[in-house]
Amino acid sequence: MDKKKIIEILNKALTEEMGALIQYMQHHYLYQGPNYVCVGELLKKISMVEMDHAYKLGERIAMLEGIPTTKPGEIKVPKKSIDMLKVNLEDELAAIENYRKWIEEVDALGDPVTRLMLEKILGDEEEHAHQLEMLLAE
Ligand SMILES: [Fe+2]
Ligand SMILES: [Fe+2]
(Lines give C-alpha, C1' and ligand atoms only; values in the text may rest on other atoms or scores of the structure.)
(Ligands and ions follow the chains in the order given, each with its own letter.)
Protein backbone atom coordinates (compact mmCIF):
# COMPACT_ATOMS: atom_id res chain seq x y z
CA MET A 1 0.00 0.00 0.00
CA ASP A 2 1.52 3.30 -1.17
CA LYS A 3 0.58 5.61 1.71
CA LYS A 4 2.16 8.68 0.12
CA LYS A 5 0.04 8.42 -3.03
CA ILE A 6 -3.12 7.74 -1.02
CA ILE A 7 -2.45 10.81 1.16
CA GLU A 8 -1.99 12.90 -2.03
CA ILE A 9 -5.38 11.76 -3.35
CA LEU A 10 -7.07 12.36 0.01
CA ASN A 11 -5.59 15.85 0.25
CA LYS A 12 -6.97 16.72 -3.21
CA ALA A 13 -10.38 15.56 -2.00
CA LEU A 14 -10.01 17.50 1.28
CA THR A 15 -9.25 20.74 -0.58
CA GLU A 16 -12.40 20.28 -2.69
CA GLU A 17 -14.54 19.47 0.36
CA MET A 18 -13.38 22.54 2.29
CA GLY A 19 -14.15 24.72 -0.73
CA ALA A 20 -17.59 23.10 -1.02
CA LEU A 21 -18.30 23.54 2.69
CA ILE A 22 -17.54 27.28 2.62
CA GLN A 23 -19.34 27.76 -0.70
CA TYR A 24 -22.55 26.15 0.61
CA MET A 25 -22.33 28.17 3.85
CA GLN A 26 -22.02 31.39 1.90
CA HIS A 27 -24.91 30.42 -0.40
CA HIS A 28 -27.00 29.57 2.67
CA TYR A 29 -26.39 33.08 4.03
CA LEU A 30 -27.06 34.89 0.75
CA TYR A 31 -29.73 32.83 -1.02
CA GLN A 32 -32.94 34.72 -1.82
CA GLY A 33 -36.07 33.54 -3.56
CA PRO A 34 -39.63 32.31 -3.20
CA ASN A 35 -38.46 28.99 -1.75
CA TYR A 36 -36.01 30.70 0.59
CA VAL A 37 -37.03 28.72 3.67
CA CYS A 38 -36.60 25.24 2.25
CA VAL A 39 -33.75 25.95 -0.23
CA GLY A 40 -31.81 28.00 2.31
CA GLU A 41 -32.11 25.17 4.85
CA LEU A 42 -31.08 22.56 2.27
CA LEU A 43 -27.92 24.56 1.47
CA LYS A 44 -27.10 24.62 5.19
CA LYS A 45 -27.74 20.89 5.54
CA ILE A 46 -25.50 20.10 2.56
CA SER A 47 -22.72 22.34 3.94
CA MET A 48 -22.74 20.22 7.11
CA VAL A 49 -22.48 17.01 5.08
CA GLU A 50 -19.49 18.50 3.23
CA MET A 51 -17.92 19.33 6.59
CA ASP A 52 -18.40 15.73 7.67
CA HIS A 53 -16.62 14.63 4.45
CA ALA A 54 -13.75 17.01 5.22
CA TYR A 55 -13.40 15.60 8.76
CA LYS A 56 -13.42 12.01 7.52
CA LEU A 57 -10.75 12.75 4.89
CA GLY A 58 -8.55 14.71 7.31
CA GLU A 59 -8.79 12.01 9.98
CA ARG A 60 -7.89 9.30 7.48
CA ILE A 61 -4.90 11.34 6.27
CA ALA A 62 -3.70 11.74 9.87
CA MET A 63 -4.20 8.01 10.50
CA LEU A 64 -1.98 7.31 7.47
CA GLU A 65 0.61 9.64 9.05
CA GLY A 66 0.11 12.46 6.56
CA ILE A 67 -0.56 16.16 7.14
CA PRO A 68 -4.09 17.23 6.18
CA THR A 69 -4.14 20.33 3.97
CA THR A 70 -5.75 23.53 5.25
CA LYS A 71 -6.29 25.01 1.77
CA PRO A 72 -9.88 25.24 0.59
CA GLY A 73 -10.59 24.89 -3.14
CA GLU A 74 -12.12 27.60 -5.31
CA ILE A 75 -15.23 29.23 -3.78
CA LYS A 76 -17.82 30.52 -6.26
CA VAL A 77 -20.52 32.95 -5.14
CA PRO A 78 -22.73 34.02 -8.08
CA LYS A 79 -24.86 37.17 -7.65
CA LYS A 80 -28.11 35.52 -8.72
CA SER A 81 -29.53 32.89 -6.40
CA ILE A 82 -30.57 30.59 -9.25
CA ASP A 83 -26.95 30.58 -10.41
CA MET A 84 -25.89 29.40 -6.95
CA LEU A 85 -27.91 26.24 -7.52
CA LYS A 86 -26.46 25.82 -11.03
CA VAL A 87 -22.87 26.26 -9.85
CA ASN A 88 -23.39 23.78 -7.02
CA LEU A 89 -24.88 21.22 -9.42
CA GLU A 90 -21.86 21.60 -11.73
CA ASP A 91 -19.53 21.19 -8.75
CA GLU A 92 -21.37 18.12 -7.47
CA LEU A 93 -21.19 16.51 -10.93
CA ALA A 94 -17.44 17.26 -11.04
CA ALA A 95 -17.08 15.80 -7.51
CA ILE A 96 -18.86 12.62 -8.64
CA GLU A 97 -16.40 12.25 -11.54
CA ASN A 98 -13.45 12.92 -9.20
CA TYR A 99 -14.58 10.44 -6.53
CA ARG A 100 -15.13 7.74 -9.17
CA LYS A 101 -11.55 8.30 -10.38
CA TRP A 102 -10.09 8.46 -6.84
CA ILE A 103 -11.91 5.23 -5.85
CA GLU A 104 -10.25 3.41 -8.78
CA GLU A 105 -6.85 4.88 -7.93
CA VAL A 106 -7.09 4.01 -4.23
CA ASP A 107 -8.29 0.52 -5.12
CA ALA A 108 -5.26 0.03 -7.39
CA LEU A 109 -3.06 1.18 -4.49
CA GLY A 110 -4.51 -1.58 -2.29
CA ASP A 111 -6.43 0.34 0.38
CA PRO A 112 -9.95 -1.11 0.80
CA VAL A 113 -10.72 0.99 3.91
CA THR A 114 -10.08 4.30 2.12
CA ARG A 115 -11.99 2.95 -0.87
CA LEU A 116 -15.07 2.22 1.28
CA MET A 117 -14.88 5.70 2.84
CA LEU A 118 -14.71 7.35 -0.61
CA GLU A 119 -17.63 5.21 -1.84
CA LYS A 120 -19.81 6.46 1.02
CA ILE A 121 -18.87 10.07 0.22
CA LEU A 122 -19.65 9.44 -3.47
CA GLY A 123 -23.15 8.29 -2.45
CA ASP A 124 -23.71 11.59 -0.63
CA GLU A 125 -22.50 13.63 -3.63
CA GLU A 126 -24.93 11.73 -5.89
CA GLU A 127 -27.74 12.63 -3.47
CA HIS A 128 -26.70 16.31 -3.50
CA ALA A 129 -26.63 16.37 -7.31
CA HIS A 130 -30.09 14.80 -7.37
CA GLN A 131 -31.48 17.34 -4.90
CA LEU A 132 -30.07 20.26 -6.92
CA GLU A 133 -31.40 18.76 -10.16
CA MET A 134 -34.86 18.57 -8.61
CA LEU A 135 -34.65 22.23 -7.50
CA LEU A 136 -33.69 23.23 -11.04
CA ALA A 137 -36.27 21.00 -12.75
CA GLU A 138 -38.98 22.79 -14.70
FE1 LIG B 1 -18.50 16.27 -0.19
FE1 LIG C 1 -21.85 17.40 -2.10
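A residue is called buried if 20 or more other C-beta atoms lie within 10 Å of its own, exposed if 12 or fewer do, and partly exposed in between, with C-beta atoms placed from the backbone. By this rule E65 is exposed, because 9 other C-beta atoms lie within 10 Å. The structure is a predicted model, in which local features need pLDDT of at least 70 and side-chain atom pairs count only at pLDDT 80 or more, whereas totals for chains, interfaces and linings use all residues. Residues are numbered from 1 along each chain as its sequence is written, while chains are lettered from A and ligands numbered from 1 in the order in which they are written.

- Helices are DSSP runs (H or I, at least four residues), numbered from the N terminus.
- Helix 2 covers residues 36-63, a run of 28 residues, and spans 40 Å from its first C-alpha to its last. This is close to the expected 40 Å, a value defined as 1.5 Å times one less than the number of residues.
- Among the buried residues of helix 2 are V39, L42, L43, I46, L57 and I61, and the buried residues of this helix pack against helix 1 and helix 4.
- V37 also lies in helix 2, yet V37 is exposed because there are 9 other C-beta atoms within 10 Å.
- V37 and D91 are 54 residues apart in sequence and 23 Å apart in space, C-alpha to C-alpha.
- E65 is in the loop between helix 2 and helix 3. The phi of E65 is near 70°, a positive value in a residue other than glycine.

**Helix 3 and its packing on helix 1**

- Helix 3 (residues 81-108) has 28 residues and reaches 41 Å from first to last C-alpha, close to the 40 Å expected.
- The buried residues of helix 3 include M84, L85, Y99 and W102, and the buried residues of this helix pack against helix 1 (3-30) and helix 4 (112-136).
- Two packed helices are described by the angle between their axes and the distance between the axes.
- Helix 1 and helix 3 pack at about 165°, with axes 11 Å apart. Axes are lines fitted to C-alpha atoms, for helices over the stretch in contact, and angles run from 0 to 180 degrees between N-to-C directions.
- Helix 1 and helix 3 are therefore roughly antiparallel, a term for angles over 145 degrees.
- Residues making this contact include I6, I9 and A13 of helix 1 and M84, N88 and D91 of helix 3. Two residues are in contact if their C-beta atoms, placed from the backbone, lie within 7 Å.
- Just after helix 3, G110 has a positive phi of about 75°.

**The nonpolar core**

- A nonpolar core is a set of buried Ala, Val, Leu, Ile, Met, Phe, Trp, Tyr and Cys residues joined through C-beta atoms within 7 Å.
- The largest such core has 24 residues, of which I9, L10, A13, L14, L57, W102 and L118 touch the most other members.
- Helix 1, helix 2, helix 3 and helix 4 are the elements that give two or more residues to this core. The largest share, 10 residues, comes from helix 1.
- Not counting residues up to four places away in sequence, L10 touches L57, R60 and I61.

**H128 in helix 4**

- H128 lies in helix 4 and counts as buried because 23 C-beta neighbours are inside 10 Å.
- Leaving aside neighbours within four places in sequence, H128 is in contact with I46 and E92.
- H128 and M51 are 77 residues apart in sequence and 14 Å apart in space, C-alpha to C-alpha.

Methods. Parallel < 35°, antiparallel > 145°, perpendicular 65-115°, else oblique.
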